[in-house]
Amino acid sequence: MKVNVQTPNFAADAKLLDFIETRLSKLEQFYDKIIFADVFLKVQRTSEKQNKIVEILLSIPGGDLIIKKDAKTFEEGTDECVNSLERQLKKRKQKQRAYL
């Protein structure tokens with residue numbers, strides 16, 4: 001799976017990029033037909049502590065999955081997104097099995 005990380009208005013360090021890639025690569029255990037993942041990391045200019053936005057677009061056959069989460073850190077947001085995508089991929093796989 002190809003992972004594209006986009007960080008408008010700031011530069012992400014290599015440690016963060018490696019973390020995102022390893023977390024997303026674990027999704028292939030649940031659904032092996034993932035084509036690519038686009039990850040958008042944004043910082044909101046607010047006084048709130050949860051000002052980091054992580055948005056993941058997962059391209060799979062039959063339609064894309066999009067998840068958007070707000071968190072205190074990008075790592076926390078990535079974890080929440082990956083957990084949510086994991087649930088959605090499991091559901092999709094079960095539906096496909098029902099039709100076979």
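Good morning. I begin with a pair of strands: β1 and strand β2, residues 36–43, pair in the parallel sense over five bridges. Within that pairing, Asn 4 has Asp 38 in β2 as its bridge partner. Please bear in mind throughout that this is a predicted model.

Let me widen the view to the sheet. Strands of a sheet pair through backbone hydrogen bonds, in either a parallel or an antiparallel sense. Here, four strands form an open sheet with mixed pairing, and their order is β1-β2-β3-β4. The edges are taken by β1 (2–6) and β4 (63–71); each has a single partner strand, so one side of each is left without a neighbour in the sheet. On average, and with direction ignored, neighbouring strands of this sheet are turned by 15° against each other.

Two helices accompany these strands. Helix α1, residues 14–25, packs on the sheet and touches β1, β2 and β3 (52–60). The direction of α1 makes about 140° with that of β2. Helix α2, residues 74–99, lies across β2, β3 and β4, and runs at about 150° to β4.

I turn now to the charged side chains. Side chains of opposite charge can pair when their charged atoms come close. In this model the count comes to three salt bridges.

Which residue does Arg 23 meet in a salt bridge? The partner is Asp 79, with an N to O distance of 2.6 Å. Asp 79 belongs to helix α2 and Arg 23 to helix α1, so this pair ties together parts that are 56 residues apart in sequence. Is Arg 23 buried or exposed? Arg 23 has a relative accessible area of 17% and is therefore buried, whereas Asp 79, at 27%, counts as partly exposed.

The next salt bridge joins the side chains of Lys 42 and Glu 55, at 3.4 Å from N to O. This pair links distant parts of the chain, with Lys 42 in strand β2 and Glu 55 in strand β3, 13 residues apart. Glu 55 is buried, at a relative accessible area of 18%, while Lys 42 is partly exposed at 31%.

The remaining pair is Glu 86 with Lys 90, whose closest N and O atoms are 3.6 Å apart. What separates these two along helix α2? They are four residues apart, which means a separation of about one helical turn. Glu 86 is partly exposed, with a relative accessible area of 21%, and Lys 90 also counts as partly exposed, at 39%.

Thank you for your attention.

Definitions and conventions:
Residues are numbered from 1 along each chain as its sequence is written. This is a predicted model: local features need pLDDT of at least 70, side-chain atom pairs count only at pLDDT 80 or more; totals for chains, interfaces and linings use all residues. Side-chain values use heavy atoms; hydrogens and water are left out. Two strands pair if DSSP finds at least two bridges between them. Axes are lines fitted to C-alpha atoms, for helices over the stretch in contact, and angles run from 0 to 180 degrees between N-to-C directions. Contact means heavy atoms within 4.5 Å. A salt bridge is a side-chain nitrogen of Lys or Arg within 4 Å of a carboxyl oxygen of Asp or Glu. Buried means under 20% relative accessible area, exposed over 50%, partly exposed in between (1.4 Å probe, protein chains only).
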